[in-house]
Every structure is written in structure tokens, then in C-alpha cells.
Amino acid sequence: MTPDPVEDTQPTDHGHGHAHGHGAGKGMWRLWSAVRRIVVPHSHDSTDRIDSALEASSRGIRALLFSFAALMVTAVLQAVVVGLSGSVALLGDTLHNVADALTAVPLAVAFLLGRRAVTRRFTYGLGRTEDLAGIVIVILIALSSFAAGYEAVRRLVDPQEVHQLVLVAIAGVVGFLGNELVARYRIRVGRQIGSAALVADGLHARTDALTSLVVVGAAIGTWLRIPYADPIIGLGITVMIAFVLKDAAKEVFSRLLDAVDPALVTQAEATLAETGGVRDVTDVRMRWVGHALHLETTLTADPRASLVDAHAVAVDAEHRLRHALPRLARATVHVDPHPEDGDGTRVDHHEELAHHLVRV
């Protein structure tokens with residue numbers, strides 16, 4: 001199969017640390033490239049893919065450890081002020097911060113399990129434990145919403161005076177700074193390693209940062225002698241947590257149902273369509289397994305092509321997909337003969353399987 005002319009002009013390594021040597025005219029350069037391919041594995045080999053996945057999990061775990069420590073310190077400082085002031089608004093924010101910190105535990109366990117090698121029983125590995133961790137996160141958010149709401153209603157029925165308003169306001173600012181720092185770090189690392197769960201957890205922390213600012217408003221309202229300012233704002237925080245719960249549940253259950261960004265599918269289809277030798281792209285399916293993307297596709301090629309040529313088309317298609325989709329961990333490319341023969345006759349090459357196929 002003739003290589004695509006665009007790639008022939010690229011002497012670079014596409015950012016993957018391997019030189020293809022396209023267009024290299026010097027014999028020494030070709031010799032060096034051959035030796036380098038033997039000594040340094042190609043970046044699409046299974047060994048490199050495993051190393052990449054392990055490094056991604058390690059970065060995720062480091063991000064979780066940092067965020068857990070930062071949020072627990074923030075929550076402890078706020079809890080001290082809650083004990084001194086009796087502020088139910090600050091209590092709600094503290095409970096939310098503790099719950100947010102605890103979400104790091106199931107996610108870290110999921111990252112660790114996801115690093116295990118595949119077995120004959122778990123042929124895709126244990127990457128889907130991230131989805132199970134997402135369910136635990138949703139439950140923790142729901143529990144923190146219930147606890148904050150219960151305490152706010154109790155204070156409406158049995159009002160209590162709030163003390164140390166300056167400390168309450170300071171604690172709210174501390175909560176904002178701690179959550180915003182964690183949010184930025186989680187989102188950045190989550191996007192870099194392709195973990196939707198970590199990104200969602202970062203967005204959750206950013207919402208917590210905004211609720212911490214609301215605590216400052218509760219302190220100001222109480223200082224201005226506004227009736228029930230503290231428990232009412234505590235109820236407001238409960239409502240905000242409920243909205244976070246809705247968004248988190250949507251993210252988690254979409255992932256459980258194998259939802260992907262349609263833009264990824266469009267990008268994969270365009271990449272495959274531009275591959276030399278591909279007549280048509282008949283099917284593209286994608287799913288996330290943890291923070292790694294898996295893809296299956298069916299292409300059609302010239303029905304007169306040899307098995308070797310068809311295989312070359314499949315390899316080239318997978319190669320292009322790995323450059324176009326950085327988080328792609330596995331691609332299964334199936335090549336069918338194009339149903340239209342040279343004389344224009346259309347042939348169904350899957351006729352014998354027709355009664356077994358489920359049309360979707």
C-alpha cells in the first residue's frame with residue numbers, strides 16, 4: 001500500500017518520540033532509524049500504552065492526595081470556627097468540604113485498581129471501577145446535602161445565636177481559597193489524563209468554593225440583624241449542593257451508559273475517511289473504560305485488494321486514530337470488502353450473518 005503523501009513529508013515524530021524516517025535520503029539516517037526502532041519501542045506498542053496508562057493513573061492519584069489533604073485542612077479549620085460560632089451556614093459548607101475531600105478515597109482506589117493488568121476474567125481490565133467510584137461520589141454529595149438541609153431546618157425551628165461573625169467570614173474565605181485551589185488542580189490534571197471523573201470532581205470543588213463565599217454573606221446578614229439569615233442561607237447552600245448532585249449524577253450515569261462526546265465520534269470518522277484505501281466508514285463505536293478510550297470501527301476497502309493490502313489499510317487507520325485521539329488506548333479496526341464490485345454490482349458479504357445481526 002502506498003503511504004499517504006502528506007505523511008511522507010513529515011520527518012518529525014508527531015510528538016510520540018518515534019522517527020518514521022519518511023523522505024530521508026541518507027543511508028546513515030535510515031540505518032539509525034532502523035536501530036532506534038529496535039532499541040526504543042514504537043509508541044503504539046502495548047508496552048508504551050501500559051506505561052502511559054500507569055503514568056496517567058499515578059498523576060491522578062497524586063492529584064487526589066493533594067486535594068484530599070488541602071480540603072481536610074480547610075474543613076478542620078472551618079469545623080473549629082463552627083464550634084466557636086454555632087453558624088449553621090458554615091456547618092453546611094464544612095460538611096460539604098468533608099464530603100468533597102472523601103470523594104478522593106474511592107477515586108484513588110479506582111485508579112489503583114485500574115492499573116492492574118488484564119486477566120482472562122477481566123479482559124478489559126478494571127478501569128470501569130472509576131464509574132463505580134463515581135456512584136460513591138454521588139452518594140456522598142447526596143448525604144452532605146441531606147445533613148446540611150436537616151441542620152438548617154432544625155435551626156429555623158429552634159433558632160440559636162451565632163457568635164464570632166468575623167471568624168465565620170474568615171472561615172468562608174478560607175473555604176473559597178481551598179476549594180478553588182483544589183478545583184484548578186483537579187480539572188487540569190483530569191483533562192491532561194483524560195479522566196472525566198476527576199474533572200467532574202474538580203468542577204464540584206469549584207461549586208464548593210462559591211458556596212463558601214455564601215457563608216460570608218450569612219455572617220454579614222447576621223451582623224446586620226436580618227432575621228434567620230444564617231439558617232436561610234444554610235438552606236440556600238443545600239439547594240446549591242442539590243444542583244451539584246444533579247450535575248454529578250448526570251455525568252456519572254452518562255459514563256455508565258457509555259456516553260461519549262459526539263465531537264470525538266465526528267473526529268474519528270473524519271480521520272478514518274481521510275485514510276488512504278478506505279472507501280467508506282460504516283460504523284464507529286466508542287466507550288470510556290476508566291480514563292482510557294476504546295474504539296471499534298468497520299471500514300470498507302477495495303474488494304480486489306489482497307489480505308496484506310487490507311491489513312495495511314487497517315494499520316494505517318489505527319495509526320491515524322492514535323494521533324487524532326490522544327486518550328485512545330485500544331482500537332479494533334475491521335475491514336470489509338466494499339459491497340460494490342468493479343462492474344457496479346452490489347454484493348452483501350454478510351448475507352449468511354444477516355439473521356444474527358441486530359440492527360440499531
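**Salt bridges, cores and surface of a predicted helical chain**

A salt bridge joins the side chains of Arg320 and Asp316, with an N to O distance of 3.4 Å. The model is predicted. Arg320 and Asp316 are separated by about one helical turn, because they stand four residues apart in helix 11 (residues 307-324). An α-helix has 3.6 residues a turn, so residues three or four places apart point the same way. Arg320 is buried, at a relative accessible area of 12%. Asp316 is buried too, at 13%. Both values fall under the 20% limit for buried residues.

The structure holds nine salt bridges. Side chains of opposite charge can pair when their charged atoms come close. A second pair, Arg184 and Glu180, meets at 3.1 Å, N to O. Arg184 and Glu180 both belong to helix 7 and are four residues apart, about one turn of the helix. Arg184 is exposed, with a relative accessible area of 55%. Glu180 is buried, with a relative accessible area of 16%.

Arg285 pairs with Asp283 in another salt bridge, the closest N and O atoms lying 3.4 Å apart. Here Arg285 is partly exposed, at 46% relative accessible area. Asp283 also counts as partly exposed, at 29% relative accessibility. A network of salt bridges links Arg128, Asp131, Asp258 and Arg287.

The overall architecture was examined next. The chain contains 11 helices and three strands. From the N terminus on, the elements follow the order α-α-α-α-α-α-α-α-α-α-β-β-α-β. Of the 360 residues in the chain, 41% are buried. Contacts between residues at least 6 apart in sequence were considered as well; 71% of them join residues at least 24 apart. The chain exposes about 19500 Å², of which carbon and sulfur atoms supply 64%.

The largest nonpolar core has 30 residues. Within this core, Leu64, Leu90, Leu107, Ile141, Val168 and Leu198 have the most contacts. At least two core residues come from each of helix 3, helix 5 (104-114), helix 6 (129-157), helix 7, helix 8 (196-223) and helix 9. Helix 9 gives the most, with six residues. Another core, of 20 residues, lies apart from the largest one. Its members include Leu264, Leu293, Leu299 and Leu325.

Leaving aside neighbours within four places in sequence, Leu198 is in contact with Gly60, Ala63, Leu64, Leu107, Arg186, Val189, Gly190 and Ile193. Among these partners, Leu64 and Leu107 are also listed with the most contacts inside the largest core.

Just after helix 7, Gly194 adopts a positive phi of about 80°. Asn179 is found within helix 7. This residue is buried, with a relative accessible area of 0%. Not counting residues up to four places away in sequence, Asn179 touches Leu71, Asn97, Asp100, Ala205, Asp208, Ala209 and Ser212.

Helix 7 also takes part in a nonpolar surface patch. The patch covers about 530 Å² and is made by Val76, Val80, Leu84, Val166, Leu167 and Ile170. Helix 3 (46-85) and helix 7 (165-193) are the elements that give two or more residues to the patch. Leu84, one of the patch residues, lies in helix 3.

Two further positions complete the survey. Gly236 is found in helix 9. Gly236 is partly exposed, with a relative accessible area of 31%. The C-alpha atoms of Gly236 and Ala152 are separated by 9.3 Å, although the residues are 84 apart along the chain. Leu257 is found in the loop between helix 9 (229-256) and helix 10 (262-273). Leu257 is exposed, because its relative accessible area is 72%, above the 50% limit. A C-alpha separation of 9.9 Å is found between Leu257 and Trp288, which are 31 residues apart along the chain.

Terms used: Residues are numbered from 1 along each chain as its sequence is written. This is a predicted model: local features need pLDDT of at least 70, side-chain atom pairs count only at pLDDT 80 or more; totals for chains, interfaces and linings use all residues. Side-chain values use heavy atoms; hydrogens and water are left out. Patches are made of residues with over 30% relative accessible area and no salt bridge: like charges are joined within 9 Å, nonpolar side chains (Val, Leu, Ile, Met, Phe, Trp, Tyr) within 5 Å. Accessible areas come from the Shrake-Rupley method with a 1.4 Å probe; for residues, only the protein chains shown count as cover. A salt bridge is a side-chain nitrogen of Lys or Arg within 4 Å of a carboxyl oxygen of Asp or Glu. Buried means under 20% relative accessible area, exposed over 50%, partly exposed in between (1.4 Å probe, protein chains only). A nonpolar core is a set of buried Ala, Val, Leu, Ile, Met, Phe, Trp, Tyr and Cys residues joined through side-chain atoms within 4.5 Å. Contact means heavy atoms within 4.5 Å.
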